[in-house]
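Here are my notes on the model you sent over.

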Amino acid sequence: MSVDNAAESGVRVVKLGATIGARIDGVKLGGSLDAETMATIRAALNKHRVIFFRGQQHLTEDGQYEFAELLGRPTTPHPTLTSAGVKSLAIDSRHGRSNVWHTDVTFVDRVPKASILRAVTLPSYGGSTTWASTVAAYNALPEPLKRLAESLRARHTNQYDYAVETEQHADENTADYRREFESTYFETEHPVVHVHPETGERALLLGCFVKQIVGVSSSESQALFRLFQDRVTRLENTTRWDWSLGDVAIWDNHATQHYAIDDYDSREHRRLTRITLAGTIPVGIDGAPSTVIAGNAEYYSAIDPLTTAA
C-alpha cells in the first residue's frame, strides 16, 4: 500500500494494487466539494479504475446524487427497472444477487462511464465486491490475441440477468425483478476491444451480458468469450473491497468489470444504492462505434459529449 498523492487539503490517495484500486482519505462526499478535490477524485478514478471512501455515513440518497452531478451527468436509475428507485437504483439482495462478472448496462449503446455505489444495509458477514481491470487484461494479452480481440465484435443483451444461475430456485421477489429487468428487450453490438474515451487506453468490453461473438458459431463464440473473459478475471487484475456501513465505491465503467460475492446466508440482507453517470458510445480501434440491434435507450441516458482520446 502506498500514498499516491497528499494534497495540502489533507486529501490522500492510497494505492491498493498495482493495476487497480485506491482508497481516498480526507474527503466528505456531497454536493459542495471544491474544484481541486473533484480534480483529485477524477484523476484517481482514471488512474486506479475503482476508488473507495470510508466513513460517509452522513451521505443520503440526495447527497449521493448531488455528488454524482459534480462528477458527471446522472442517468435515470436503469433502462428497465423503474420500480427500484427514482434517483438511484437499489441493489438489494431481496431481488436477487449480482454474483456474475459484468460491466454495468452494456446491453445499451451508451454504456455508463462510471457508477457510484453506497452501502446502506450490510450482512453481518460476507457480501464484499471484487473489481477487475479490463485495461490490464488487454495489456497483458500476447500480441496475436490482442489482434484477434481487436477484430471481434460481440452482441450484449438484457436477456441474461444476475439471477439466471439460481433462477430455478428464485422466490417471488426475484422472479418479479427478473421480469421487470427483461420487460423491454435491448441488444447492442459492441467492439470486444474499445478505446477509453478519456484516457485513450484500450480495454476489453465483455461480461455476462454477452450473447454472441459475431460471425462465428455458438461453440466458437463460447470458446472465444471464455478465452478473453478469463483474462479479465485473473486475480492480479482484481481488487476486493470488504464493505462497512457508509462506504462508497466509484468505478470507471469503461475500464472494469465487477462481481458481488454471494457468501452470506439468505436470512442476511444486503442493500446498496447505485447511481450511474452518462457515458459515450464505445468505439473500436478501427473507429467503428457500437450499433443498436434492438431497444432505444435515449430515455435512460444522454450521451456524454466527450470525444475519444487520441
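1. Ground rules. This is a predicted model, so to speak of a local feature I need pLDDT of at least 70, and side-chain atom pairs count only at pLDDT 80 or more, while totals for chains, interfaces and linings use all residues. Numbering starts from 1 along each chain as its sequence is written, and side-chain values use heavy atoms, with hydrogens and water left out.

2. Overall make-up. The protein chain has six helices and 17 strands; these are DSSP runs numbered from the N terminus, helices being H or I with at least four residues and strands E with at least two. Of its 310 residues, 55% are buried (buried is under 20% relative accessible area, exposed over 50%, partly exposed in between, with a 1.4 Å probe and protein chains only).

3. Contacts and surface. Among contacts in the protein chain with a separation of 6 or more, 82% are between residues 24 or more positions apart (a contact is heavy atoms within 4.5 Å). The accessible surface is about 13,200 Å², with 48% of that belonging to carbon and sulfur atoms (Shrake-Rupley, 1.4 Å probe; for residues, only the protein chains shown count as cover).

4. Strand β16. Six of the seven residues of β16 are buried, so the strand is largely enclosed by the rest of the structure. It runs antiparallel to β5 (residues 89-92), with four bridges, and antiparallel to β6 (residues 114-121), with seven bridges. Pairing here takes at least two DSSP bridges between the strands.

5. Threonine 276. This residue sits in β16 (residues 271-277) and counts as buried because its relative accessibility is 2%. Its side chain makes a polar contact of 2.5 Å with that of threonine 75 and one of 3.2 Å with that of tyrosine 300. A polar contact means N or O atoms within 3.5 Å; within protein, one must be able to donate a hydrogen and the other to accept it, and residues adjacent in sequence count only if both atoms are side-chain atoms. Leaving aside residues up to four places away in sequence, threonine 276 also touches others, including Arg73, Pro112 and Ala114.

6. Helix α4. In α4 (residues 143-150), the buried residues are Leu145, Lys146 and Ala149. They cover an arc of only 105° around the axis, so they lie on the same side of α4 (the arc is that of the directions from the helix axis to the C-beta atoms). Pro144 and Arg147 are exposed on the other side. The buried residues of α4 pack against α3 (134-139), β10 (193-195), β11 (202-204) and α6 (218-232).
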